[in-house]
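Welcome, and please open your viewer. We will go from one selection to the next and look at what is there.

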Amino acid sequence: MFLRRLLSRIATTLVTLLGVAVIVFAVIRIVPGDPVAMMLPPGATEADIARLQAFYGLDKSIPEQFFIWLGGVVQGDFGTSITTRQPVLGLVLSRLPATLELSVMALVIAVALGGTMALIGTRQRYTRTEGAIDVANGMALSVPDFLWGLVLILLFGVLWPVFTISGRVSPNLVPEFTTSFFLFESVVRLRFDLWLDLVQHMLMPALALAIPLAAIIGQLLKQSLKETMHLDYVTLARTKGYSENHVILREALRNAVLPTLTLIGVQFTFLIGGTVIIERLFSYEGLGNMAIDAVINRDLPLIQGIVLLFALLFTLVNLVVDLLYAVLNPRLRHA
Amino acid sequence: MLDGRSLVKRTAGLRLWLSAGWIGALVIGAVFAPWIAPQDPLMQDLFTSRLPPFWMDGAEPGYWLGTDSLGRDVLSRILYGGRVALVVALIAGTATALIGATLGLIAGYFRGWADMVISRLVDIWMAFPPVLFAILLIAVMGTGLTSVVVAIIVIDWTRFARVVRAEAMAQGAMDYVASAQVAGRGRMSTLLTEILPNVLPTIAVLLTLEMGIAVIVEAILSFVNLSVSTDDPTWGGMIAEGRLSIHQAWWVLVFPLVALFLTVLSFSQLGEGLKDRFDPVLN
């Protein structure tokens, strides 16, 4: 039964991805300006234009172009960037680690912050502390990551400049790395000087991305925890003489955490989507920053590649979350 | 023992009034900007560049919130920028609500193949990062107010479609709908006279929230210089300029940021307030 569920879920994922490909292709095709005309100097002849159109396959019919393009994408050929004349796949993959590291760091911060809020809120339930946490969560939720990023720049970049608010790492340290996973590499090689420099750069953008998600985690987990605290087995644990902290952390948390886990999965894709503008704001050299440059330069093959990669990432995260949920939830495991 | 929730509840009314007050002031400021604004928002004057706000040394009368590096008055630009923000909120918000809610009603009430197509589309849309999708659309359509509005409609219709579909399905299963059918009412007439009025509060809540989102999307697009023409003052554009001169003239960033922050917060508080009052379903 589980295998059947898995297969049908993978089938829907493939349909979604095909839909994504159709839409990305359709959007790029309705572009009014002729991309070829913009690439050539003013004195170009008809023959030059035709040659370049043939090079990019623009002389064929639209469905033909779609299937040629899709065939290439499936084999990892995302076309050639117009501005840099390099393969799109290579360019995109060179930036992917930076965006992934930022997203994962933000996720870790969100879970830590949100979890702490929920635990404190539950421990201090029905007091002023809980009220204050609710108000703070409400604020954090109403304001998106872009604005939190600007607020953090003002607070920790200008008023009290303790963090670097631009870039991923100090430029003079870049030659020290052999992979593009800077943060991961610095931990594995135990180079804590590099790690410190990275964190000093990444903490502010990661925090901006994390604040809204932390609020959501804080709210939902606190609600589930408070509901669990009324259940019989928790009362039993209390009558056995366990302390309140023990009851929350050891007994209630395990049963209350499942809805939050599912929610984190869905919200993680929104967080990854937020990196586009946050990277721009903090001049962080990731995929999102590259996407905005590509739009400004009207480098359509590059934008196409970045959008497809993000869509692939989103669908895979959703797939993994669904499967994890099926594995973790005992009711679905035997369904 | 003091009930912790009472702090949230007690301040709810106050927060609602403050939000409505800010939006009201903003509307007045935007509508009457040509008469209220102390300066021409576009006028550059290098002799008055980077003047500080009125309470600091070196301020000049008439430039209450200071000037940017080209000598343009920050307060006047915020008032005119409010026009762009509110126009986008109103037009894009309403159009998104109309299109998204219509598709949601069709999918949720008529079900069948229409529901299948619309739900599949929603699934596909969920695979796109919204900001990236918006800048992709702008890259293709070119900049300008129409492009911004179209981009917001295209990326956000699913917010309405998803919720309204679920709501219409729930209402469609209720007894009063069945009795309307038994009484011989047509499907379309049941949809418009029975289902729609019951879904309307939900749509109103979503519309208020969507206006805040539209303001933020416009600000993000103008921040990366992909919104209306670069001559028109926008909050996002001012923030982008202020980000560059943040160590020399913080006020160029801070004042439009405060305006944007309060506007987004107010729309969201109004939406939450409406939800508490009229809509037991969303709660």
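How far apart are the end C-alpha atoms of residues 84-110 of chain B? Select that span: the ends lie 38 Å apart, and the chain there is 100% helix and 0% strand. Helices here are DSSP runs of H or I with at least four residues, and strands are runs of E with at least two, numbered from the N terminus. This is a predicted model, in which local features need pLDDT of at least 70, side-chain atom pairs count only at pLDDT 80 or more, and totals for chains, interfaces and linings use all residues. Residues are numbered from 1 along each chain as its sequence is written, with chains lettered from A and ligands numbered from 1 in the order in which they are written.

Next, select residues 203-228 of chain B, which are 81% helix and 0% strand, with end C-alpha atoms 28 Å apart.

Now show both chains. 37 residues of chain B are in contact (C-beta atoms, placed from the backbone, within 7 Å) with 39 residues of chain A. Elements giving two or more residues to chain B's side include helix 1 (4-31) and helix 10 (251-278) of chain B.

Move to chain A and pick helix 5 (residues 88-123) and helix 9 (residues 192-228). Their axes, lines fitted to C-alpha atoms over the stretch in contact, come within 6 Å and cross at roughly 35 degrees, on a scale from 0 to 180 degrees between N-to-C directions.

Finally, select I306(A): leaving out residues up to four places away in sequence, I306(A) touches V92(A), L287(A), M290(A), A291(A) and A294(A).

Technical notes. Two residues are in contact if their C-beta atoms, placed from the backbone, lie within 7 Å.
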